Amino acid sequence: MTVDPATPYADLPVPVVSVQGTPGECGAAYGLAARPLVAANLDLYLRRFREQAGLDSAAVRAAGAGFRRTTVAHHPRVAEMLDGVAEGAEVAVEEIYALNARTELIYGVRPDGGDGGCTAVGVLGTHTATGSLLIGQNWDWHPAQREATVLLVTRDERGHAVVTLAEAGMLAKAGLNSAGVGVCINMLGCDRDGLPRGGGAPGVPYHVLLRSVLEADSLAWALRAACRSPRNASINMVLGQAGDHGGELIDLELAPGEAGWLHPVDGMVTHANHFEAGLPVFDTIKEWGGSSLFRSARARRLLTDAAVAGKVGVDDLMGVFRDHASFPLGICRHVDERDAPLDRSETVYSVLLDLDERRFGLAAGPPCGHDYTWLDLAALLPAD
């Protein structure tokens with residue numbers, strides 16, 4: 001269902017889709033509720049697949065079929081949900097899987113240095129003013145995606161609930177679940193990225209991997225889901241789980257066939273779009289340069305005083321995500337007209353997650369010009 005204008009969330013910058021049932025039932029209800037947005041998002045990406053990767057509709061569907069087989073093999077409940085999305089939205093199931101593999105399909109053909117954006121931060125509850133574990137990020141991507149995004153809320157037949165920002169037809173991006181597990185993300189790039197040659201089986205799609213993390217009921221199982229999935233694209237995840245003594249927090253860098261991790265220093269982790277864990281890969285940011293080289297360090301520096309004092313609050317995180325150093329390509333990213341039209345990026349949305357309180361904060365981007373709206377997971381769930 002979409003949010004009613006009379007609800008307390010009428011000022012939310014995205015429509016809410018809240019569904020419950022088995023994975024297939026959740027997917028079908030989501031696809032039906034967001035049918036126009038799914039169609040619009042598919043149109044956007046089919047154009048990008050064609051213009052940036054040289055993939056016509058037949059090639060996209062063939063790739064989607066391969067990604068579906070991999071998803072069924074490794075994450076069958078996620079596959080059930082995606083099949084349901086295609087049914088509800090009345091689109092080809094192969095196109096839905098291609099949509100969830102948009103990172104692999106766009107950048108598996110044309111390597112990218114990974115400076116497209118996204119800055120993520122996590123702070124342990126031992127170092128926050130309220131004692132809640134906080135994570136958040138700016139999601140930087142093409143501005144056209146702003147109009148094809150939803151806040152997806154699901155509760156499955158086991159009672160496990162998830163709230164996540166999602167491009168329409170996808171199942172996850174930054175989000176949290178009822179077990180207090182949360183994730184924020186950054187795109188990475190390395191020399192191992194790319195689709196298999198010679199007809200080999202593809203890996204688990206980027207956004208399926210994210211959904212599998214949010215399906216986990218603990219940080220340990222989230223890490224298992226992430227590390228055990230074969231991959232064609234590099235990704236960074238700031239992962240946390242609320243709990244006693246401030247909860248737990250870790251940064252996980254994943255490349256095809258490799259994984260590395262960073263633990264909190266002074267109670268926090270920060271990350272941008274380059275590798276920091278020393279993995280034995282060639283980081284393609286070296287061929288591109290850009291703001292990623294300072295954004296993570298700057299975010300840490302901006303939070304250090306408050307973190308050392310154990311008083312980081314949501315206002316401090318908002319200040320980081322509104323930071324304009326190296327404008328327009330700072331943490332708060334704005335469109336740079338010097339970039340080619342399909343390569344343009346800005347902060348589409350900014351997300352804050354309070355894992356202890358199961359609260360989701362969202363601002364339209366760039367966040368320098370918008371307020372954050374806070375939503376409680378329990379209040380977003382559909383009525384029994």
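Predicted model: local features only at pLDDT ≥ 70, side-chain atom pairs only at ≥ 80, totals over all residues.
## Confidence in the model

The chain averages a pLDDT of 93, and 95% of the residues score at least 70. Residues 1–8 are another matter, as their pLDDT is below 50. That stretch has 10 contacts in the model beyond near neighbours in sequence, so please read those contacts with the pLDDT of below 50 in mind.

## Helix α8 and its buried face

Helix α8 spans residues 219–228, and its buried residues are Leu 219, Ala 222, Ala 225 and Ala 226. Viewed down the axis of α8, these buried residues fall within an arc of 120°, so they line one face of the helix.

Follow the chain out of α8 and you come to Arg 231, in the loop between α8 and β8. Is Arg 231 buried or exposed? Its relative accessibility is 11%, and because buried means under 20%, Arg 231 counts as buried.

One of its polar atoms lies 3.2 Å from the backbone oxygen of Ala 226, a residue on the list of buried residues of α8. The backbone oxygen of Cys 227 lies 3.4 Å from a polar atom of the Arg 231 side chain.

Setting aside neighbours within four places in sequence, Arg 231 is in contact with Gly 203, Leu 209 and Ala 226, and also with Leu 254, Ala 255, Pro 256, Gly 257 and Glu 258. For a sense of scale, Arg 231 and Pro 13 are 218 residues apart in sequence and 32 Å apart in space, C-alpha to C-alpha.

## Asp 354, buried without a salt bridge

Asp 354 is buried, yet it has no salt bridge. Which side chain of opposite charge is nearest to Asp 354? It is Arg 359, 4.7 Å away.

The Asp 354 side chain does find backbone nitrogens: that of Asp 356 at 3.3 Å and that of Glu 357 at 3.0 Å. Beyond its neighbours within four places in sequence, Asp 354 is in contact with Ser 132, Leu 133, Leu 134, Leu 176, Arg 359 and Trp 374.

Key. Residues numbered from 1 in each chain as written. Heavy atoms only, no water. Buried < 20%, exposed > 50% of the residue type's maximum accessible area, 1.4 Å probe, protein only. Lys, Arg positive; Asp, Glu negative; His and termini not counted. Salt bridge = Lys/Arg side-chain N within 4 Å of Asp/Glu carboxyl O. Polar contact = N/O pair within 3.5 Å; in protein donor to acceptor, adjacent residues only side chain to side chain. Contact = heavy atoms within 4.5 Å. pLDDT = per-residue confidence, 0-100. Helix = DSSP H or I, 4+ residues; strand = E, 2+ residues; numbered from the N terminus. Arc of directions from axis to C-beta.
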